[in-house]
Amino acid sequence: MTQSKDNETIKLDQINTTVAARNFSNLLNSNKTYLLNGRWGSGKTEFLNQTQKYFNKKFIILDLWQPKDERSIIELSLFKLRPLIYWGIRIAIIIAVVVSILMTNIVNMGLSQYVSSLIIKIAGGIALGVAVFQFFKVKSDRFYSWILIKFPINDKVLVIDDFDRLSNNQQEETYKLFSLLKGKLPIVFVGDIAKINQVEDNYLSKIIDRRVELPFDLHPSSIWDSYFGQLEKTLNTAISQEFRQLVKDELKNLRDREHFNDYVNKEFFGRGKLGHVQIEEQLLVIYVYLFHADFYQGLLNNTIKDISDIYSPEVDKYTHDSSSEYINVLFPKEKEYFSKNNEYPRPFSIDKRAYFIYEQASNMTADELEKLLSSKEKLTKAMLLEHDSDFYQYLTAKYNSFSISQKEELLDLALLYVQKSINSPVIGYIIAEEWRPIKSSGDDKIFEFWDNLLETANFDFSQKLYLLIKYGIFSIHKLGERFPDVSISDESYNRAKKRDAILFIYLSSQDLWRKFENWDRKIWNAINILNDEQYINFWIYQGVLSVSIQYNNYDFNPLIRDYYLCTGRYEFESPTTFRDYQPIVISKMVSRLNKLENEGYHFKCGKDKQYKLID
């Protein structure tokens with residue numbers, strides 16, 4: 001496999017099976033019957049093509065599984081093995097019929113005066129014979145069989161491809177052909193022995209002289225190991241043993257690998273996802289999309305929560321029960337959620353839509369999409385489109401070819417939206433592309449870059465924190481270390497446009513994250529002056545509120561009015577101990593929750609039993 005530098009794609013090299021091909025060609029010097037064993041798509045045809053290079057006889061391939069040919073297998077074999085004789089017979093019959101018709105009284109063109117009476121009689125006899133043949137539907141196979149027997153075939157090898165996919169009737173006809181040609185030339189049946197053995201009255205096992213296995217280089221474990229090595233080099237990542245083993249256990253073959261690689265190229269390079277998704281998680285999504293349609297559908301409709309469930313054979317992957325106690329499903333694993341939420345690129349569990357495969361036909365032409373970039377009004381609206389939109393697909397595929405001025409315009413629009421707490425996949429992609437080139441420059445340089453950029457865009461301190469958290473540039477923990485003296489009780493906090501971001505940094509810097517018992521009046525005062533959006537978002541981060549849909553950083557949606565209120569939980573560190581939130585948290589939230597309910601919000605109470613020790 002090689003990577004094309006021009007087109008940014010991974011190209012699959014042909015697997016070298018030279019030694020095995022030479023050995024197989026030596027076997028074919030004997031007029032025996034062989035079974036080339038291998039599953040569909042495992043490279044049997046390619047192996048035969050390579051064998052042909054080292055063999056002085058021509059391979060005649062009977063591909064009987066393709067769209068039906070009305071001719072019998074015997075006739076088709078004569079056509080393939082002795083085409084000159086076959087067409088000579090057909091042409092002679094056609095000429096005889098035409099001549100006899102032209103010399104009749106009905107259609108008399110005067111040919112009889114130019115042709116001897118003997119030829120006229122012969123042509124007439126042939127024409128009469130053909131007419132009788134057609135009228136009585138006489139089987140022609142006996143005649144074709146006689147020709148196959150009488151004329152020696154020394155320069156060919158007969159290959160019956162995809163034998164395991166033939167119907168029972170076709171297989172029976174093939175056995176008749178074998179009985180005619182046995183010992184006259186090498187015959188190779190190609191198919192999967194496991195499927196052939198399942199056929200009732202399996203004659204093939206009785207007539208095969210040699211069973212030949214495909215070379216080990218074409219075995220799934222071999223072809224995928226080399227491919228994984230190429231993926232690791234090209235995508236600059238390590239492929240886990242779990243993913244490797246999954247593919248090997250399911251014995252995905254050459255054709256599967258080619259199909260998989262097509263989607264790898266399309267998603268990472270064609271759609272510009274490289275650097276915007278966790279690589280192995282995207283590989284997993286591609287894998288289940290191609291080979292586990294039910295599992296993929298479960299991810300789409302959210303009945304399967306985690307892409308890594310594909311690694312768990314004990315889990316019913318296709319019928320995940322979404323009706324289990326809501327509190328266990330809706331409250332994420334606390335430590336896992338917040339560790340993932342500070343990653344970039346966002347993992348699948350946090351930003352699922354970025355990983356899904358979109359195959360919709362585009363509603364817009366390439367010219368229309370290009371013109372959209374030059375229309376400020378249309379571009380402003382396009383910035384809010386989703387992953388499956390034409391514009392998002394166009395943007396991610398073509399972004400690197402945009403001019404500097406186009407990228408600057410897109411970034412300016414994106415930052416204007418972020419200031420208003422409006423986000424979209426398009427905005428996220430533009431911001432990610434802006435800092436991806438300096439991602440490995442170190443925290444100080446990255447912060448300096450964003451601080452200068454956002455200062456120029458008139459972001460206040462809280463809005464800077466909001467963007468850095470929202471797009472995973474820095475975790476709350478790292479920002480807490482960077483700003484250990486941030487205040488939540490001065491005038492700057494009261495004027496801040498994203499007070500909740502400052503409050504997050506303060507709690508982290510003081511090691512008070514979710515330590516509700518240690519919160520003083522200053523913290524509660526800072527909480528109570530948050531606006532409704534910030535208040536709800538703050539408690540979602542603290543694990544006290546939850547929503548029934550996927551919630552990313554700062555994804556507050558004013559249209560969502562139903563929330564779950566966690567009244568207590570069994571802690572991960574101490575699964576036998578229940579931590580009651582009622583006296584330390586809920587009692588201090590009652591008045592604000594009542595106010596929110598009067599404004600149309602609804603809160604359903606429940607306990608988080610996720611980590612409860614099972615009795």
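In the predicted model, F243, L246 and V247 of helix α11 touch E280, L283, L284 and Y287 of helix α13, a contact being heavy atoms within 4.5 Å. By class, this contact has six nonpolar, no polar and one charged residues; Ala, Val, Leu, Ile, Met, Phe, Trp, Tyr, Cys and Pro count as nonpolar, Asp, Glu, Lys and Arg as charged, and the others, Gly among them, as polar. The axes of α11 and α13 are 11 Å apart at an angle of about 20 degrees, which makes the two helices roughly parallel (angles under 35 degrees).

Helices (H or I, at least four residues) and strands (E, at least two) are DSSP runs, numbered from the N terminus.

| Helix | Residues |
|---|---|
| α11 | residues 241-249 |
| α13 | residues 279-291 |
| α20 | residues 404-419 |

Helix α20 has 16 residues and, at 1.5 Å a residue, should span 22 Å (1.5 Å times one less than its number of residues). Its end C-alpha atoms are 23 Å apart, which agrees. L410, L411, L413, A414, L415, Y417 and V418 are its buried residues, with buried meaning under 20% relative accessible area (1.4 Å probe, protein chains only). Among the elements covering them are α18, α19 and α21. Just after α20, S421 has a positive phi of about 60 degrees.

The protein chain has 29 helices and eleven strands, and 48% of its 615 residues count as buried.

Residues are numbered from 1 along each chain as its sequence is written. Local features need pLDDT of at least 70, side-chain atom pairs count only at pLDDT 80 or more, totals for chains, interfaces and linings use all residues, and side-chain values use heavy atoms, with hydrogens and water left out.

Methods: Buried means under 20% relative accessible area, exposed over 50%, partly exposed in between (1.4 Å probe, protein chains only). Axes are lines fitted to C-alpha atoms, for helices over the stretch in contact, and angles run from 0 to 180 degrees between N-to-C directions. Angles under 35 degrees count as roughly parallel, over 145 as roughly antiparallel, 65 to 115 as roughly perpendicular and the rest as oblique.
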